[in-house]
Amino acid sequence: MSFLEKIRKNTWLVLFFISISLLFFVLDPNILMKFFTENSTTIGKVNGENIFLKEYFDRFQFLKRFREDDPDHYLKNDAWKLLIHEKVLNQQARKLGIQSTKEDFWKAIEKQSIYSKIIDFQNEKGKMNMDKFRLYLKNLEKIPSNLTPQIEAEKNIWSYEKNSIPKKIISKKYVEMLMYGLNTSFIEALLNYKDKNSFSIVDYIFVPYSEIKKEYNIIKSHEIYDFLKKNKFFYKKENLRNLSFVFFRSYPSLDDEKNMNFEIKKLFNKFKFSNHNSIIVSNQSEKPFDSNFYLKKNLPIVFQHFVEKNNQVGSMFGPVKENNTYIMAKLSGKKMVYNSVLCSHILISHKESIRFFNNRTKKKAEKIAKMIYDILVKNPKQFNSLVMKKSDDVINAKKNKGNLGWIQYEEKSEVFKEKKSFDFFSLKNKKGTIGLTETEFGYHIIRIDEMKDIKPAYQFSIIIKTLIPSKQTEDLLYQKIVQFMKENENSSLNTFINNARKKRYETIFLREIKNHKWNIHDLNTELDKEIINWSYEKNRKEGDIKIFQTFNKDYIMVFLSKIQKEGYPIEEIKNHIIPFLINKKINRYLSNIIKSKHMNLEKIADFFSKKINRSYKINFYQSMIDNYKEPKVVGYAFSSKLYETSKPILGERGIFFVRPLKRFNTYKKLSYFSSEIESLNANLRKNILEKIGDVLIEKSNIKDYRKN
């Protein structure tokens with residue numbers, strides 16, 4: 001079994017080398033529009049620190065690999081949350097001067113990395129043998145990435161581990177510092193153990209709340225206010241703001257679209273008859289000119305269909321319009337290439353190259369490479385001997401005499417990422433052709449050993465243009481907004497919203513906003529925090545209106561309808577008081593019945609027409625009855641006299657009457673509760689850590705650009 005397969009057997013291992021480059025080619029043709037628009041590499045910020053698209057995509061792919069049944073939007077949200085937590089913890093750690101050392105790094109490799117689980121790197125005791133692993137790394141560094149897909153994958157795994165482990169170490173140190181001294185005592189562990197092993201046998205009757213007379217489920221307003229008067233010191237208001245929103249979308253006008261259509265037609269005709277494709281694309285398109293040639297299977301689906309019928313150079317595609325995006329393309333190049341080339345190389349590295357093997361300068365490496373190239377052009381037969389003598393790809397030279405194996409045409413940009421390219425897929429090349437090329441690994445003297453599978457490759461010159469509102473359209477929109485604001489300057493909230501709806505503007509009515517939040521439910525723009533901060537400014541007053549403009553030039557008008565100073569809102573108070581008052585009423589009613597008739601459990605069963613559940617076993621630790629948590633009922637069963645019927649106990653789901661019959665335990669005399677302490681410590685730290693994480697996130701300035 002290969003190394004890679006062994007890694008895959010450990011399902012928790014991180015495999016972040018999935019290529020994004022061909023992702024769009026298997027999607028719906030409509031994705032073409034999005035594919036050809038330029039995306040930012042930054043998708044968010046945490047306290048000013050960038051969250052990059054690559055790290056977000058890598059985290060998403062990791063989750064997708066091991067949670068295949070979960071919808072993508074769940075995985076995207078989880079990937080986002082994980083990145084936020086990681087960055088927040090690392091930022092706090094850096095503030096405190098927490099760092100990771102080389103010693104920390106290698107300890108983490110030994111105990112926490114994916115490699116520690118691979119049998120090949122373990123000794124006879126199952127522990128990681130670092131000598132074996134370092135030898136593996138040394139050999140891996142010398143092997144070119146392009147030798148086999150497996151080697152490339154292994155190199156990517158090591159690259160990921162090198163980057164991620166220091167972050168894990170810093171987070172772990174920070175958490176350990178916070179958790180220092182947060183431990184469960186021996187007494188707590190002992191009590192917890194006893195609770196788990198304490199049982200009671202009871203008879204009981206259960207009456208659901210729905211069967212109790214309706215009048216005891218109704219609480220009148222005066223009862224709530226009477227209770228509040230007596231207990232007002234328990235209830236304070238919360239610091240809140242009530243905001244409502246009106247949206248003014250910035251859309252191109254019909255005149256804008258008409259003008260754009262005219263310009264697109266003009267541009268199409270100019271493009272069609274021009275020989276300066278790259279210049280026109282560079283000047284007119286939102287996406288740079290791409291000079292590469294692609295095999296048919298690597299083109300977007302719509303272009304694959306296009307070349308089946310229009311494969312003559314100069315053939316035009318489009319223009320097509322998707323939403324407000326226009327696209328046109330010209331088949332500007334076509335050539336026949338070898339799809340598979342077998343080649344060998346001599347590598348001359350330098351200190352600026354990746355995985356360099358010496359300290360020679362780039363200039364000296366180039367001079368040596370050119371000298372070898374000149375020798376081999378005159379005498380190609382010396383290639384094999386010079387591979388052994390001169391190549392810095394030592395392992396490959398010894399094992400394969402410089403042979404790189406069969407390289408596919410679509411792999412060339414991934415394999416070589418040419419700076420000064422030798423096109424070894426060209427039909428001009430013959431067996432034995434020698435070429436010189438530069439890559440990030442250094443200089444390569446390439447020899448073509450074999451070629452096969454001739455296929456056509458296509459170059460498309462593509463123009464992307466987005467229809468946006470003209471300045472005149474934007475000015476008219478702003479005038480409408482200002483006019484609407486003037487008309488509603490002294491309006492009530494209801495009038496403000498109704499007037500907006502009459503004009504068919506989008507609205508969001510009444511959102512309760514807390515100061516420490518960084519987003520507004522249903523709004524979710526990059527302006528959320530700015531709007532929240534505005535609403536909490538000292539000089540704000542109820543009825544204030546303000547206009548905000550988003551990055552995409554839409555406008556949001558915000559109406560501040562209510563300022564509530566610190567304390568609990570009345571609705572939350574009612575939600576807390578009403579169940580309490582209902583329970584109080586029911587308890588009084590039932591207690592009076594039981595007291596007046598001196599009922600035992602059998603009489604209570606007759607009174608309510610219920611069956612007695614007999615000899616039911618209850619565990620104190622779990623507090624479960626019929627698969628439901630009922631802590632009050634269980635508490636009574638362990639604290640009351642045996643054979644005595646309880647007063648009505650108001651449980652989570654209804655009324656219980658309980659008669660305890662027997663109590664017993666299954667204690668085993670343990671001299672040391674290490675496992676119990678360890679379990680309680682883990683739960684305690686997990687709960688505290690979750691709360692700390694939530695607090696840190698609430699206090700952080702987090703920006704989410706994913707929608708953009």
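1. α13 makes a right-handed crossing with α14; right-handed here has the near helix turned clockwise from the far one by less than a right angle, left-handed anticlockwise. I372, I375 and L376 of α13 meet F383, L386 and K390 of α14, contact being heavy atoms within 4.5 Å. Those residues split into five nonpolar, no polar and one charged (nonpolar: Ala, Val, Leu, Ile, Met, Phe, Trp, Tyr, Cys and Pro; charged: Asp, Glu, Lys and Arg; polar: the others, Gly among them).

2. Before going on: this is a predicted model, where local features need pLDDT of at least 70, side-chain atom pairs count only at pLDDT 80 or more, and totals for chains, interfaces and linings use all residues. Residues are numbered from 1 along each chain as its sequence is written, and side-chain values use heavy atoms, with hydrogens and water left out.

3. Helix α13 (residues 362-378) and helix α14 (residues 383-390) have axes 11 Å apart and an angle of about 160° (axes are lines fitted to C-alpha atoms, for helices over the stretch in contact; angles run from 0 to 180 degrees between N-to-C directions). The two are therefore roughly antiparallel, a label for angles over 145 degrees.

4. Now the sheet: an open one of four strands, ordered β14-β3-β18-β17 with antiparallel pairing. Strands count as paired when DSSP finds at least two bridges between them; helices (H or I, at least four residues) and strands (E, at least two) are DSSP runs numbered from the N terminus. β14 (613-619) and β17 (649-650) are the edges, each pairing on one side only.

5. β3 (residues 198-208) and β18 (residues 654-665) share 11 bridges; F199 has F664 in β18 as its bridge partner. Helix α8 (residues 186-196) lies across β3 and β14, at about 60° to β3.

Key:
Parallel < 35°, antiparallel > 145°, perpendicular 65-115°, else oblique.
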